[in-house]
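User: I am new to this structure and would like to know what lies behind the terms used for it. Please take them one at a time.

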Amino acid sequence: MNPSSFRITVSIAAKPKNVFVALTEAKQIAQWSGQKGKASPKAGGRIEMFDGWVKGKVLEFKPGKSLVYTWLPSDWPEYAEESVVKCTFAPSGKGTKIVLEHSNFPNATEKKNHRSGWKEFVLDPLKRYFSTNH
């Protein structure tokens with residue numbers, strides 16, 4: 001694995017297609033994150049998360065299977081290139097195993113912040129969302 005990347009694997013108590021929709025559909029993103037977000041349902045479309053703090057382009061959109069997109073927070077250094085987020089979804093027991101890979105960080109600090117941020121602001125809220133609402 002690239003030194004400027006990391007991988008997180010989590011299980012969520014919902015079907016892969018439901019987890020995929022929760023990560024891409026504006027209404028559900030707002031429900032679990034408390035902020036605006038949306039993803040165009042096609043490669044080449046736009047993605048935005050956290051009230052527009054992050055913007056990117058959808059590279060792969062396969063409902064219930066995989067979601068790949070570029071990721072560029074508005075507060076990254078000006079020289080920073082887009083990073084890439086790849087999520088794969090697989091049935092696992094009564095739920096879904098998500099493997100999230102995030103690569104191409106501008107520096108070690110952003111890599112560290114994003115590793116904890118994915119858990120705190122996305123994956124843990126998603127787990128709570130599905131454990132209480134579905």
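Analyst: Start with pairing: two strands pair if DSSP finds at least two bridges between them. The model discussed here is predicted.

User: What makes β6 and β7 a pair?

Analyst: Nine bridges join strand β6 (residues 83-92) to β7. The cut-off is at least two bridges, so the two strands count as paired. They run antiparallel, and V85 stands opposite H102 in β7. The two strands form a hairpin with two residues between them. In the turn, G93 has a positive phi of about 60°.

User: How do you know that strand β1 pairs with strand β7?

Analyst: By the same rule of at least two bridges. Eight bridges join β1 (residues 5-12) to β7 (residues 95-103), and these strands run antiparallel. S11 stands opposite K97 in β7.

User: Where do the strands and helices come along the sequence?

Analyst: The protein has three helices and seven strands. Their order follows the pattern β-α-α-β-β-β-β-β-β-α.

User: Why does the radius of gyration agree with a compact globule?

Analyst: For 134 residues, the globule rule puts the radius near 14 Å; the protein has 14 Å, so the value agrees. The C-alpha trace spans about 40 × 25 × 25 Å along its principal axes.

User: What makes a residue count as buried, and what share of the residues does so?

Analyst: Buried means under 20% relative accessible area. Of the 134 residues, 43% count as buried. The accessible surface comes to about 7400 Å², and 51% of that belongs to carbon and sulfur atoms.

Technical notes:
Residues are numbered from 1 along each chain as its sequence is written. This is a predicted model: local features need pLDDT of at least 70, side-chain atom pairs count only at pLDDT 80 or more; totals for chains, interfaces and linings use all residues. Side-chain values use heavy atoms; hydrogens and water are left out. Helices (H or I, at least four residues) and strands (E, at least two) are DSSP runs, numbered from the N terminus. The radius of gyration is taken over C-alpha atoms; the globule rule is 2.2 Å times the number of residues to the power 0.38. Buried means under 20% relative accessible area, exposed over 50%, partly exposed in between (1.4 Å probe, protein chains only). Accessible areas come from the Shrake-Rupley method with a 1.4 Å probe; for residues, only the protein chains shown count as cover.
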